[in-house]
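Please look through the sequence and the model below before reading on, and keep the model in view while you follow the text.

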Amino acid sequence: MGETKGKTLNGRSVVKFVSDHAIIFLIILLALYTWANSQNFMSRDNVGNLISNVAPRFIIACGVSGCLITKGTDLSAGRQVGLAACLAAMMQQTLDYSARVFDWMPDMPWFVALLITLVVMAIFGAINGCVIAFLKVPPFIATLGMQTLVYGLCQIITGNQPIGGFKESYRALASGNFFGNRFVPYLLLPALLVGLFMWFLYNKTRHGKYMYAIGGNENAAQVAGVNVPATLIRIYILASVMYALAGFLIGSKAGGASTATGTGYELEAIAACTIGGVSVNGGVGKVSGILVGVLVFEVLKICLQFLRFDPAYTYIAQGLVIIVAVALDLRKYLAKK
């Protein structure tokens with residue numbers, strides 16, 4: 001028994017573990033370096049800002065994760081977030097705001113606007129799911145088409161104009177803090193609830209078992225009695241509901257919305273999932289890993305800001321992280337084969 005344990009903890013296994021999680025270790029080192037060179041890096045305000053940025057992106061990544069686990073993807077995520085933010089914004093403008101998008105829009109509480117946004121965006125998710133499940137269109141192509149469709153629709157609805165003039169009740173949802181403490185922003189609560197819900201869904205329900213089975217081997221899952229089309233449709237509907245919630249919160253946090261809202265968020269979400277262990281080859285992924293991946297991606301951006309890098313270099317760094325994350329994932333997949 002002692003020899004077996006010794007073999008599992010040899011130098012090769014340690015090197016493999018470090019190489020498999022190289023991005024996480026590199027970002028930790030970067031964070032330590034930034035902390036040593038910036039007084040305010042670990043300040044209460046900055047940590048609260050990190051949580052506020054992570055929360056909606058974690059929700060988006062949770063939505064994308066189900067698509068990735070079933071060997072799919074969702075390139076329409078960012079545009080759906082933008083449309084959801086714009087829909088919420090139109091419904092939460094004050095009645096006396098001079099540049100209201102729709103003058104006939106009645107005054108409505110934020111939770112009614114949230115419910116309407118969730119339902120509308122769920123329709124787009126259902127369309128994605130049906131196209132993939134019944135028409136057998138590859139998820140990459142189906143969601144790429146939906147990305148363009150949603151963007152065009154958002155431009156028509158908004159007239160390509162930014163939307164502002166929000167009611168205070170809507171703005172307060174994402175700008176406040178629990179206990180008057182900047183370390184605990186309101187945005188932490190919906191992200192926490194979504195994380196708990198997704199963990200339960202993935203680990204304790206039949207839907208979760210079906211999802212992993214489809215990702216492992218779709219044909220075998222179908223033979224075993226899994227209703228593959230219904231499961232895929234549910235996954236893409238849930239993903240769009242997550243985008244709707246995130247868009248609703250992002251609009252509140254930003255104090256405005258436009259057709260540019262959510263641009264590129266789908267790539268960040270896919271990268272965060274991959275960094276966190278959700279395999280693009282399907283069948284693997286944990287909610288805790290998704291959170292780690294989102295944290296890594298956001299810490300990278302904050303570190304580069306504190307180190308006063310040109311914003312252009314931030315995009316280069318993000319692109320490199322995406323490439324390396326997918327390359328490491330493929331390497332692990334090929335090693336298992």
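This is a predicted model: local features need pLDDT of at least 70, side-chain atom pairs count only at pLDDT 80 or more; totals for chains, interfaces and linings use all residues.

Residues are numbered from 1 along each chain as its sequence is written, and side-chain values use heavy atoms, with hydrogens and water left out.

Helices (H or I, at least four residues) are DSSP runs, numbered from the N terminus. Arg 57 also forms a salt bridge with Glu 298, the closest N and O atoms being 3.1 Å apart; here too distant parts of the chain are linked, with Glu 298 in helix H14 and Arg 57 in helix H4, 241 residues apart. Glu 268, in turn, has a salt bridge with Lys 301 at 3.3 Å, N to O, and these two residues, in helix H13 and helix H14, are 33 residues apart. Through shared partners, the salt bridges join Arg 57, Glu 268, Glu 298 and Lys 301 into one network.

Glu 268 counts as buried because its relative accessibility is 15%, and Lys 301 is buried with a relative accessible area of 12%.

On a 1 Å grid over the protein atoms alone, a cavity is a set of points where a 1.4 Å probe fits but cannot get out, whereas a pocket is an open set with protein on both sides within 12 Å along at least five of seven lines, and lining residues have an atom within 4 Å of a point. Grid points are joined across faces, edges and corners, and a volume is the space filled by probe spheres set on the points.

The largest pocket has a volume of about 400 Å³, and among its 19 lining residues Arg 57, Glu 268, Lys 301, Tyr 315 and Gln 318 lie nearest its centre. Helix H15 (311–336) gives the largest share of this lining, six residues. By class, the lining divides into seven nonpolar, eight polar and four charged residues, where Ala, Val, Leu, Ile, Met, Phe, Trp, Tyr, Cys and Pro count as nonpolar, Asp, Glu, Lys and Arg as charged, and the others, Gly among them, as polar. The second largest pocket has a volume of about 300 Å³, and the lining of this pocket has twelve nonpolar, two polar and no charged residues.

Turning to cavities, the structure holds two of 30 Å³ or more. About 80 Å³ of space lies in the largest cavity, whose lining includes Arg 57, Glu 268 and Glu 298. Helix H13 gives the most to this lining, with four residues. The second largest cavity has a volume of about 40 Å³, and its lining includes Cys 62, Met 198 and His 207.

Helix H5 (residues 77–91) has 15 residues and reaches 21 Å from its first C-alpha to its last, close to the 21 Å expected at 1.5 Å a residue; the expected span is 1.5 Å times one less than the number of residues. H5 is mostly covered, with 15 of its 15 residues buried. Helix H6 (residues 110–133) has 24 residues and reaches 34 Å, close to the 34 Å expected. The buried residues of H6 include Ala 113, Met 121 and Phe 124, and what covers the buried residues of H6 includes H5, helix H7 (139–158) and helix H12 (228–254).

Definitions and conventions. Buried means under 20% relative accessible area, exposed over 50%, partly exposed in between (1.4 Å probe, protein chains only). A salt bridge is a side-chain nitrogen of Lys or Arg within 4 Å of a carboxyl oxygen of Asp or Glu. Contact means heavy atoms within 4.5 Å.
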